[in-house]
Structures are given as structure tokens and as C-alpha cells.
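Me: I am new to this model and would like to learn how to read it, one feature at a time. Where do we begin?

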Amino acid sequence: DPEYDPEAPLPPVVIIEPSLEEIKDQACSCIDQIISAAQKFPRPDTHFTPASPMNFVPNSDALGPCTVTEEDEIVLLTKDIVCNAIDAHFAAPDELVAKFAE
């Protein structure tokens with residue numbers, strides 16, 4: 001770069017990109033996508049007939065919210081655990097970024 005001057009008194013710019021909040025939002029979004037996929041999963045009892053258990057019969061019935069919903073306690077707990085793990089894994093890098101900001 002012709003404008004780069006290693007002698008220039010520019011402060012270093014160190015950031016974590018995407019931000020920690022964006023990373024947590026993306027992780028929680030993945031959990032939401034898993035929930036959505038589970039709700040669209042076909043019901044096994046509508047696809048197999050007792051007379052011929054290996055006979056696959058397409059049907060549009062899905063499991064729906066009987067699997068799990070975004071408001072279920074286990075989902076909220078899982079999201080908290082994932083976000084806490086992200087916080088823990090990014091604690092040291094966050095401290096390093098803060099030192100460059102001083």
C-alpha cells in the first residue's frame with residue numbers, strides 16, 4: 001500500500017469481528033433452525049403401515065410443536081449454556097482487545 005507508513009503514529013486497531021453479541025445471536029439462531037427442522041420432520045406413524053413396516057408412504061403430517069418450541073425451558077437453558085460457553089471462550093481474546101484499546 002503506497003500510503004502505509006510504518007513510522008506514522010497510528011494507534012493499533014484490534015477488534016473481534018463479528019462481535020461477541022453477533023456470535024451469540026448466530027449460535028442461538030442455529031438452535032432455532034434445529035427446532036424448526038425438528039418440527040418439520042415427518043411423523044413416523046404416518047409413513048409406515050403396520051401391515052408393511054418397510055413400506056414408505058409419503059404424507060405431509062409433521063411432528064410440529066410436539067417436539068420442542070423456542071419457549072421450552074430446555075431450549076432456553078441450552079441457549080444460556082451456549083452463550084455462557086461463548087463468553088468463556090472469548091474471555092481471553094476480549095481482555096487482549098481491551099489492552100490494545102488502553
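**Reading the helices, the surface and the charged pairs**

Reply: We begin with cover: α2 (73-89) and α3 (91-101) are among what covers the buried residues of α1. Helices (H or I, at least four residues) and strands (E, at least two) are DSSP runs, numbered from the N terminus. Buried means under 20% relative accessible area, exposed means over 50%, and partly exposed is in between (1.4 Å probe, protein chains only). This is a predicted model, in which local features need pLDDT of at least 70 and side-chain atom pairs count only at pLDDT 80 or more, while totals for chains, interfaces and linings use all residues. Residues are numbered from 1 along each chain as its sequence is written, and side-chain values use heavy atoms, with hydrogens and water left out.

Me: How many helices and strands does the protein have?

Reply: There are 3 helices and 2 strands. Starting at the N terminus, their order is α-β-β-α-α. Of the 102 residues, 16% count as buried. Contacts are read as heavy atoms within 4.5 Å. Of those between residues at least 6 apart in sequence, 57% join residues at least 24 apart.

Me: What should helix α1 span?

Reply: The expected span of a helix is 1.5 Å times one less than its number of residues. Helix α1 (residues 20-40) has 21 residues and should span 30 Å; its end C-alpha atoms are 31 Å apart, which agrees.

Me: Which residues of α1 are buried?

Reply: The general idea first: an α-helix has 3.6 residues a turn, so residues three or four places apart point the same way. In α1, the buried residues are Leu20, Ile23, Lys24, Ala27, Cys28, Ile31 and Ile35. They cover an arc of only 135° around the axis, which puts them on the same side of α1. That arc is taken from the directions from the helix axis to the C-beta atoms. Asp25, Gln33 and Lys40 are exposed on the other side of α1.

Me: How many salt bridges does the structure hold?

Reply: Side chains of opposite charge can pair when their charged atoms come close. A salt bridge is counted when a side-chain nitrogen of Lys or Arg is within 4 Å of a carboxyl oxygen of Asp or Glu. The structure holds 3 of them.

Me: What does lysine 79 form a salt bridge with?

Reply: Its partner is aspartate 32, the closest N and O atoms being 2.6 Å apart. This pair links distant parts of the chain, with lysine 79 in α2 and aspartate 32 in α1, 47 residues apart. Lysine 79 counts as buried at 14% relative accessibility. As for networks, shared partners join Glu21, Lys24 and Asp87 into one. Leaving aside residues up to four places away in sequence, lysine 79 touches Cys28, Ile31 and Asp32.

Me: Where does glutamate 70 lie?

Reply: Glutamate 70 lies in the loop between β2 (52-56) and α2. Not counting residues up to four places away in sequence, glutamate 70 touches Asp32, Ile35, Val75 and Leu76.

Me: Which residues form a nonpolar patch on the surface?

Reply: Patches are made of residues with over 30% relative accessible area and no salt bridge; like charges are joined within 9 Å, nonpolar side chains (Val, Leu, Ile, Met, Phe, Trp, Tyr) within 5 Å. Here Val14, Leu96 and Phe100 form one, with about 240 Å² of accessible area together. Areas come from the Shrake-Rupley method with a 1.4 Å probe, and for residues only the protein chains shown count as cover. Valine 14 lies in the segment before α1.

Me: What joins glutamate 17 and proline 18?

Reply: A cis peptide bond does, with omega about 0°. Proline 18 lies in the segment before α1.
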